[in-house]
Amino acid sequence: NAPGSRRPASTAGRWGAQARSCCRTRGSGAGRFGGGPGGAKTRMPGYEEIYEWVDAVPLTRTRRNFGRDMSDGCMVAQIIHFFAPDIVDMHNYSESLSVARKRDNWEQLNLKVLKKHLRFKITPQQIEDLCAVKPDAAEGLLDQIKTRLADRRAGRLPAAADRRAAEKSPPKREPKPERRVVEKSPPKRESKAPPAKAAPKPGLVRQNEAGQLAALAARQASKSRSPDPRPPPKK
């Protein structure tokens, strides 16, 4: 065609139809996991029920590889939001290929949804396995989430308000059994008699008496020898 000439209408219509078809396919999120070329390899045996359960959810991304699509936590948040929209805030999660951002999404989901409302947690090792697209990591987690959501709908899990009220209220303490106080009488004290004085020996008694008599006789003899210090009476 010459410069400036228009493309024939049939050609323009064909390209426009192809572009519109491509946009619909990419934006609709339709299709089953593993439906494309080589997609059958992304399905793990034994999880057919989980794949059918996830296929019923209208996700916002095209489904290509199950483990890789679930690795950032956003699709898992969408699945939980589809069945329980009151417990997930989708603005907390953003799609990313960064491992650090994937960890942040999983930590948010673990703290604000799994632990708070579904009453279970995933370990740091599970988060690393999910980010690294380890086999069975996403399927095992979704199997547990499916069970917990069914328990929540059946009323086997307490609601968030009831759980918060239970956390705020102090735990009930069982009354302790009354202790019987037994009065103990004071121990009886034995009265001790004063020790009896030992009787003096007879030989010591006689010596003491003889000494006392000798001292008395010596005092009387000294009085008779000494002159009377008083002056004689006046006549």
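## Helix 5 and its surroundings

In this predicted model, helix 5 spans residues 99-114, and its buried residues are K102, N105, W106, L109, N110, V113 and L114. Viewed down the axis of helix 5, these buried residues fall within an arc of 130 degrees, so they line one face of the helix. An α-helix has 3.6 residues a turn, so residues three or four places apart point the same way. A100 and L111 are exposed on the other side of helix 5.

What covers the buried face? The cover over the buried residues of helix 5 includes helix 4 (74-83), helix 6 (124-131) and helix 7 (137-153).

The N-terminal end of helix 5 is capped by S98. A side-chain oxygen of S98 lies 3.4 Å from the backbone nitrogen of A100.

Helix 6 deserves a separate look. Its axis and that of helix 5 are 10 Å apart, and the two helices pack at an angle of about 135 degrees. That angle makes helix 5 oblique to helix 6. The crossing is right-handed. On the helix 5 side, the contact involves K102, R103, W106 and E107; these meet I127, E128, L130 and C131 of helix 6.

Helix 7 holds E139. At 4% relative accessibility, E139 counts as buried, because the cut-off is under 20%. The side chain of E139 makes a polar contact with the side chain of Y51. E139 and G46 are 93 residues apart in sequence.

| Pair | Atoms or groups | Distance |
|---|---|---|
| S98 and A100 | side-chain oxygen to backbone nitrogen | 3.4 Å |
| E139 and Y51 | side chain to side chain, polar contact | 2.8 Å |
| E139 and G46 | C-alpha to C-alpha | 9.6 Å |

Note on methods:
Residues numbered from 1 in each chain as written. Predicted model: local features only at pLDDT ≥ 70, side-chain atom pairs only at ≥ 80, totals over all residues. Heavy atoms only, no water. Buried < 20%, exposed > 50% of the residue type's maximum accessible area, 1.4 Å probe, protein only. Helix = DSSP H or I, 4+ residues; strand = E, 2+ residues; numbered from the N terminus. Arc of directions from axis to C-beta. Contact = heavy atoms within 4.5 Å. Polar contact = N/O pair within 3.5 Å; in protein donor to acceptor, adjacent residues only side chain to side chain. Axes fitted to C-alpha atoms, helices over the stretch in contact; angles between N-to-C directions. Parallel < 35°, antiparallel > 145°, perpendicular 65-115°, else oblique. Left-handed = near helix turned anticlockwise from the far one by under 90°.
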